[in-house]
Structures are given as structure tokens and as C-alpha cells.
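Look at the sequence and the fold together before reading on.

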Amino acid sequence: MGNTENTSLDTVVTDFILLGLPHPQNLRILLFLVFFIIYILTQLGNLLILLTVWADSKLHARPMYILLGVLSFLDMWLSSVIVPRIILNFTPCSKAIPFGGCVAQLYAFHFLGSTQCFLYTLMAYDRYLAICRPLRYPLLMNGKLCTILVAGAWVAGSIHGSIQATLTFRLPYCGPNQVDYFFCDIPAVLRLACADTTVNELVTFVDIGVVAASCFMLILLSYANIVHAILKIRTADGRRRAFSTCGSHLTVVTVYYVPCIFIYLRPGSKGPLDGAVAVFYTVVTPLLNPLIYTLRNQEVKSALKRITGGRGAASENK
């Protein structure tokens, strides 16, 4: 347990013990395999989208697919920050994480998570311009502006992650070091602080609330205008294609924001259900994104066919 024997203020915690997900011991091997397979599929699925966007000239020149490529990159890193630690908890290896490692994990998670929030908002804005302002779309959203907006999302996410990590770890940690969670996150770590955490909890609630609520409201506003514009499309095929493109994005936004709101913006004490909900948006959502955007997006499927077809033709010519 390291430094948990003495709970006086003179004791300084140098590491934390991540207790992980509660599970029956007889299911340890099965859960290890499940999360290992999920991690591999997540990396491969998102890598496939990245390579498809990069390799297909019709996709990587369009802002929508530039944003999709960035989303896949974020999903790969977010999964890598969380899932290997979950897998480790199903092995006999030590469950300890150094104090600095806990700081880095909390920062990386909130940096990547908030950047993803901003990115979803940019994707909604891009769809709004493409459907509601089609004639001006090339001027209002081009490759250069898209790159600037994405860079701004990364910077804003980094600032958000830095604020959360600094606020959380400025407090003294001198007592128990067992984190009743599967990764270092704010609510679980704050419970171990040897000081009053009221200000931290308030700032966390306001900070995450402002980021999540403002992004979510902008997304809803964009899609309200999009739906209104789609209903004016005369052809059934045009409406179907527009709804298909936007439906995939709305699906991703829903499965991302609802669990986040449940974890961070829910009043009252945190319960054991938080772990299961957190698994959904830290583990399952990065896995689903490639499936949703590949299966529901005709242009991505067509690009995959062009790439595989082109390679097949090239091999036949040889």
C-alpha cells in the first residue's frame, strides 16, 4: 500500500492504488480478453478511418473528413490513456500508479475529452454550413480555416486539462491512497485529499458544466437549423442523404454527452454506477465511432471501396 499506514499531514502520498472495476474473480480472464479485444479493435478501426481519409484525395480535401480524421486520432489516444490500465487491473501485476503518472493521466483524459467536445461542436458547425449555406460553404469553411479551428480546439482542450489537473493536485494527499475507480479522475481522487474540496468541486462543476453545456447547446442550435433546412429539400433522396450524414454525428454526440453529464454534472453523491457509465464513454464510444461513421456514411464506404479496389487492380496488373 505504500504510504497509507500513517494518515498524518506529515505523510505524503507518492503513489496511488487503482482498485479498478469491481468484478467476480472467476471472470477475470474473460474480462481481460474482452477489454483487450475492444482496445485492439478501437485502434484498428480508428486507424482505418485515418488512413482512408489520408489516402483518398476526395476525402482529405474536405473539412468534414479532416475533422473526422482528427476525431479518430483523439479516440486512439483517449483509448490508450484509459484501457491499458483497465486491462492491467485484470492481471496479477501491481495496481499502483505513481503520483506523477496519476497527474499525467488525469490531465491527458480531460485534455483529450474536452478537445473532443470542441471538435463535435466544429463538426456540427461544418454540417450547418454545408446544408444551410451550401453556396457560401467553400468560403466559410475551407481547409485553412478548418486547420485553425482544430488547432484552437487543441489549445482550449490543453488549457482545460491543465486547469483541472492543477486544481486537483494542488491539494495535499497524505492519507489513504486507494482510488476507488479504474483511472485517475477528479471525483475519485478528490475523495482522498486531506483538505476541504468544496472549492474544487464547485470549480470543476462550473468549468466542465460551461464547456459541456455551451458545446451541447451550440450543437443543438446547429442541428435545429439543419433539420429545418432538410425539411425544405424537395427530393426524398436528398433528405435521406442529409439525414444519414447528420444522424451519424448526432448518434456519436448523444452517446458521448449523456454519460459525461451523468458523471460530472449530477448533483448528490457518486455511486458505483459511475464506473459502468464511465466505461461506456471512455471505452465503448471510441470503439463505436469508426463503426458509426463507416456504416452510416456512404462516402467513407465508397472511399474504402476505391482504395481496396485500386490496390486489387494494381495487384492484378502486376
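Which residues form a nonpolar patch on the surface? They are Ile 29, Leu 33, Phe 36, Ile 37, Ile 40, Leu 41 and Leu 44, with about 660 Å² of accessible area together. Accessible areas come from the Shrake-Rupley method with a 1.4 Å probe, and for residues only the protein chains shown count as cover. Patches are made of residues with over 30% relative accessible area and no salt bridge; like charges are joined within 9 Å, and nonpolar side chains (Val, Leu, Ile, Met, Phe, Trp, Tyr) within 5 Å. A salt bridge is a side-chain nitrogen of Lys or Arg within 4 Å of a carboxyl oxygen of Asp or Glu.

This is a predicted model, in which local features need pLDDT of at least 70 and side-chain atom pairs count only at pLDDT 80 or more, while totals for chains, interfaces and linings use all residues. Residues are numbered from 1 along each chain as its sequence is written, and side-chain values use heavy atoms, with hydrogens and water left out.

Ile 40 counts as partly exposed because its relative accessible area is 34%. The cut-offs are under 20% for buried and over 50% for exposed, with partly exposed in between (1.4 Å probe, protein chains only). Thr 52 is also in helix H1, but it counts as buried because its relative accessibility is 4%. Leaving out residues up to four places away in sequence, Thr 52 touches Leu 59, Val 300, Ala 303, Leu 304 and Ile 307; contact means heavy atoms within 4.5 Å. Thr 52 and Tyr 65 are 13 residues apart along the chain, and their C-alpha atoms are separated by 9.7 Å.

Now the overall plan. The protein has 11 helices and three strands. Helices (H or I, at least four residues) and strands (E, at least two) are DSSP runs, numbered from the N terminus. The order along the sequence is β-α-α-α-β-α-α-α-β-α-α-α-α-α.

Two strands pair if DSSP finds at least two bridges between them. Strands of a sheet pair through backbone hydrogen bonds, either parallel or antiparallel. Strand E1 (residues 15-18) and E3 run parallel and are joined by two bridges; Ile 17 has Gln 178 in E3 as its bridge partner. E1 and E2 run antiparallel, with three bridges, and Asp 15 stands opposite Pro 98 in E2.

Beyond its neighbours within four places in sequence, Phe 182 is in contact with residues including Leu 18, Ile 82, Asn 89 and Val 279.

Helix H4 also holds Ser 114, which is buried because its relative accessibility is 4%. Not counting residues up to four places away in sequence, Ser 114 touches Gly 157, His 160 and Tyr 256. Across the protein, buried residues make up 47% of the 318 residues.
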